[in-house]
Amino acid sequence: MTGRGPGTIIGFPHKRKLVTSIKLFLFFCLSDVSCNSVAQKIYVELNNTVPCVRLLNATHQIGCQSSISGDTGVIHVLESEADLEWPLSKGPNPPYMVLLESSLFTKSIMMKMKNASSRVAGVVVVPKTSPPEFSPHTTCPNENTGVYTETYDHNLAHCNTTVWNPRGNGLSYEEFDFPVFSLKEDNETEVIKQCYFDHNRVVNGSGLQYPLCAMQLFSHMHAVTDTATCMRRSSMDFSTSPVMVCDPLGGYNVCAFIRPYNSTAFGHKENESVVIAAARLDSKAFFLEDSTGAEGSVSGFVTLLAAAQALCEATQEAPRTRNILFAFFHGEVFDYIGSSRMVYDMKNNMFVIDLDNVHSILEIGQVAVRSGTNLFLHSDPVSRRNNTVHDEVTNLVKNLQSSTAGLNFSFVETDFSQPLPPSSFQRFLRARAIPGIVLADHQTDFNNRYYESFYDNAAHLNLTYPSNLSPEEQLEFVTDTAKSLTEVATAVARTLFKQAGGNNSQVNKINADPKTVTQMLYGFLVRSNNSWFQVLGSSLRCVFCLSEPNPPQYYVGVAKSSHQANALTYLVQYLLANLTGTATNLTQSQCKKPDELPNESTYLYSYLWVQGMVPPNSTQRESFCVRTAVRLVKAVSPAFDLGDYVSKEYSTWTKSQWKFIKARIFLVASRDLEMLTLGVGVAVLFTSLLVTYFVSTKADVLFSSVREPNNAAY
Amino acid sequence: MNLERLPNEEKLTLCRKYYFGGFAFLPFLWLVNVVWFFKEAFVKPTYTEQLQIKTYVKCSGLGFLLWVAVLTTWITIFQHFRAEWGEVGDYLSFTIPLGIP
């Protein structure tokens with residue numbers, strides 16, 4: 001009995017060694033946190049990427065597709081269009097991953113790469129300075145779903161008379177079979193460029209030495225061919241659960257009547273006449289999640305929001321002959337999803353009014369980039385051949401022109417034979433000849449040089465703030481753009497007042513507030529996470545608690561089956577509610593269930609709990625309940641309700657689903673080295689098999705000499 | 001099962017069972033029949049039942065080749081034209097690949 005420790009067992013000396021080695025291993029392992037990731041030493045993950053995804057409609061698929069295990073290519077930074085020869089023909093190590101700066105992201109370069117797609121593994125775009133003009137949209141937006149078809153008027157169809165977007169190169173509507181990603185200009189781009197300069201740089205045209213810097217992009221899209229195919233495949237029942245491969249695009253329209261109706265009573269309202277004031281909410285870009293739409297959509301709906309505020313302040317007392325509906329349509333870029341849905345609902349008695357109740361329509365198009373002091377009034381020549389419609393339109397034009405008295409601009413009618421620009425009003429005309437006007441800053445083709453592209457941002461609208469201002473001061477600073485949009489909003493509000501039968505003497509008291517307009521422009525185009533939006537926002541839906549100070553996404557997104565709208569819709573809903581509604585004294589629980597109170601009705605109004613301000617001496621926000629007539633109306637194309645996925649009448653746009661999207665860079669070795677390694681491994685395998693075979697057959701010869709002494713000892 | 005130990009009548013019964021069983025849309029049963037009884041039918045010295053076993057083996061072989069021809073043709077056509085057949089192709093498929101037509 002010697003004094004051994006309690007942990008050892010007599011006769012098992014190896015156990016102590018095992019325990020010690022385990023302890024040493026754990027010590028070394030835990031001291032290096034990532035002790036098991038060889039992957040982290042090889043790959044550098046790129047996190048800040050925006051992919052180009054696949055969209056489908058009734059006849060085509062557009063966008064980009066990668067292979068299911070990613071596309072790998074040797075990085076090549078393109079310096080000019082002539083430099084394209086290297087990846088397309090001269091380079092010795094295809095396929096290449098081409099890195100472009102935004103000035104080289106043009107249709108001709110992309111088409112050349114599309115045609116040589118066996119040598120191009122993918123394209124990465126680094127947005128930098130804006131080119132002088134760039135529009136990836138088509139030249140005639142929404143040409144098949146507007147009102148100008150062959151049957152309506154042969155001469156005006158397919159933009160025969162006026163090409164609205166002449167700079168459009170149609171890049172967004174092309175199909176690429178390699179992935180295209182966009183990187184933000186930040187540290188990751190620097191890492192890539194450093195890797196390129198270290199390993200891939202061509203020196204005097206001589207060959208490159210392996211290892212080379214390569215990038216791998218994963219953006220495998222599940223849907224293919226067209227909407228009918230992918231919706232059919234999504235709905236087939238297999239023995240396992242069905243796989244959804246695509247989702248229809250859609251969202252919510254924001255609607256508010258000045259004098260609300262009972263929201264459960266659909267269909268025609270007797271003796272009610274409504275003037276619709278419309279604007280578009282959404283826009284898109286080549287990289288869908290990067291869409292900004294400053295001139296394309298923000299200018300229009302900010303003006304309408306300001307006009308709504310001005311009108312509601314002035315019309316608290318006087319009832320008017322006609323009602324006004326403020327309608328903000330979502331999904332208009334994708335073949336008029338929101339407006340076609342509203343017209344469909346009106347025709348089928350699924351909306352609180354129907355088309356007979358609509359008196360006239362005033363739509364605010366792109367109004368921020370003026371070339372002069374005029375704004376132009378576009379009308380439809382075909383419906384004006386009818387005398388009643390013509391008289392109403394002339395009356396509306398007269399109201400518009402008289403409401404610019406005292407303001408620094410004037411309204412000018414466009415040429416009588418010119419058709420309407422792409423606008424939601426066209427969908428109403430498709431159903432019925434309603435008098436209406438579309439306001440725009442362009443007389444013939446668009447003034448917008450960046451229509452539906454990611455350069456249509458705050459800089460395009462000349463939203464410049466003096467550099468010494470803090471973000472809060474920038475929020476309050478009234479820019480020139482804000483002043484001009486305020487004047488437009490004032491004119492629109494006065495016109496709507498007159499259209500609705502208001503008293504002419506009261507008209508000049510209606511004025512839009514420039515401070516509201518500039519705060520809205522700041523919030524929508526520069527920084528959403530500002531104090532004004534936080535005050536007006538919802539505490540429940542934390543869509544305003546944006547961690548990055550980026551503006552919200554303007555792309556309409558997919559229609560979710562849960563009643564969740566995207567951030568832009570909520571922002572517009574809460575803004576409209578606060579600008580046109582009234583604050584009440586209800587508590588939070590009363591705000592959720594106001595029907596129990598005698599004066600409140602959820603049939604007429606909706607009640608929203610607003611975050612409110614932080615008073616100076618405390619940290620708690622003073623939240624309150626707003627009673628408002630603003631409602632969200634579902635905006636999904638009627639084609640999906642009808643099950644007609646090849647519809648030529650309605651929008652059939654869907655977006656593909658995918659499993660994951662990522663990008664990473666790493667060094668690749670030459671193909672020869674890979675084959676050599678594989679060959680050596682296979683050779684070692686066969687050699688070891690042979691050796692084992694020979695040793696086992698000659699075992700008695702090899703090992704017998706060891707045994708004999710034992711036998712001899714026996 | 002070792003055929004060496006069976007008497008000849010039992011070998012014939014077994015061969016017949018496999019032959020008739022293959023008519024129930026089981027071509028692999030015919031393949032097994034051919035492979036297993038090949039030595040018995042053609043290599044071993046003659047015995048009484050061998051002629052019948054030979055017939056069964058030959059017919060099984062023919063049947064198997066016919067199945068192979070039919071299935072190869074159908075599989076080739078289906079794999080080639082499934083994408084073009086659109087709706088019909090999708091309804092005939094059990095799993096549809098993602099992302100390719």
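## Contact between chain A and chain B

Sixteen is the share of chain A and thirteen that of chain B: the contact takes 16 residues from chain A and 13 residues from chain B, where contact means heavy atoms within 4.5 Å. The model is predicted: local features need pLDDT of at least 70, side-chain atom pairs count only at pLDDT 80 or more, and totals for chains, interfaces and linings use all residues. Residues are numbered from 1 along each chain as its sequence is written, chains are lettered from A and ligands numbered from 1 in the order in which they are written, and side-chain values use heavy atoms, with hydrogens and water left out.

About 1,000 Å² is buried between chain A and chain B, 59% of it on carbon and sulfur atoms. Buried area is the accessible area (1.4 Å probe) that two parts lose on being put together, summed over both. Two salt bridges are found across the interface of chain A and chain B; a salt bridge is a side-chain nitrogen of Lys or Arg within 4 Å of a carboxyl oxygen of Asp or Glu. In a salt bridge between B:D90 and A:R232, the side chains meet at 2.4 Å, N to O.

Seven residue pairs, both residues at pLDDT 80 or more, are in polar contact between chain A and chain B. A polar contact is a pair of N or O atoms within 3.5 Å; within protein, one must be able to donate a hydrogen and the other to accept it, and residues adjacent in sequence count only if both atoms are side-chain atoms. On the side of chain A that touches chain B, the residues divide into seven nonpolar, six polar and three charged. Here Ala, Val, Leu, Ile, Met, Phe, Trp, Tyr, Cys and Pro count as nonpolar, Asp, Glu, Lys and Arg as charged, and the others, Gly among them, as polar.

## Chain A overall

Chain A has 19 helices and 24 strands. Helices (H or I, at least four residues) and strands (E, at least two) are DSSP runs, numbered from the N terminus. The C-alpha trace of chain A spans about 130 × 70 × 60 Å along its principal axes.

Of the 714 residues in chain A, 53% are buried; buried means under 20% relative accessible area, exposed over 50%, and partly exposed in between (1.4 Å probe, protein chains only). Among contacts in chain A between residues at least 6 apart in sequence, 78% join residues at least 24 apart.

Strand 2 (residues 49-51) of chain A runs antiparallel to strand 9 and is joined to it by three bridges. Strand 7 (residues 120-126) of chain A pairs with strand 9 in the parallel sense, over three bridges. Two strands pair if DSSP finds at least two bridges between them. Within strand 9, A:F181 is the bridge partner of A:P51 and also of A:V124.

## Helix 8

Helix 8 (residues 337-347) of chain A is largely enclosed by the rest of the structure, because ten of its eleven residues are buried. Among the buried residues are A:I337, A:M342, A:V343 and A:Y344. After helix 8 comes A:N349, with a positive phi near 55°.

A:R341 and A:D345 form a salt bridge, their closest N and O atoms being 3.3 Å apart. Both lie in helix 8, four residues apart, about one turn of the helix. A:R341 counts as buried at 7% relative accessibility, and A:D345 is buried with a relative accessible area of 6%.

Over all chains the structure holds 23 salt bridges. In one of them, the side chains of A:K128 and A:E101 meet at 3.0 Å, N to O. This pair links distant parts of the chain, 27 residues apart: A:K128 is in the loop between strand 7 and strand 8, and A:E101 is in strand 6 (residues 96-101) of chain A. A:K128 is partly exposed at 44% relative accessible area, as is A:E101 at 27%.

The side chains of A:E452 and A:R280 meet in a salt bridge at 3.2 Å, N to O. A:E452 lies in the loop between strand 18 (436-440) and helix 11 (471-476) of chain A and A:R280 in strand 13 (residues 274-280), so the pair ties together parts 172 residues apart in sequence. Both A:E452 and A:R280 are buried. In chain B, a network of salt bridges links B:E4, B:K11, B:E40 and B:K44.

A:N169 sits in the loop between strand 7 and strand 8 (175-176) of chain A and counts as buried at 19% relative accessibility. Not counting residues up to four places away in sequence, A:N169 touches A:K107, A:F134, A:S135, A:P136 and A:H137.
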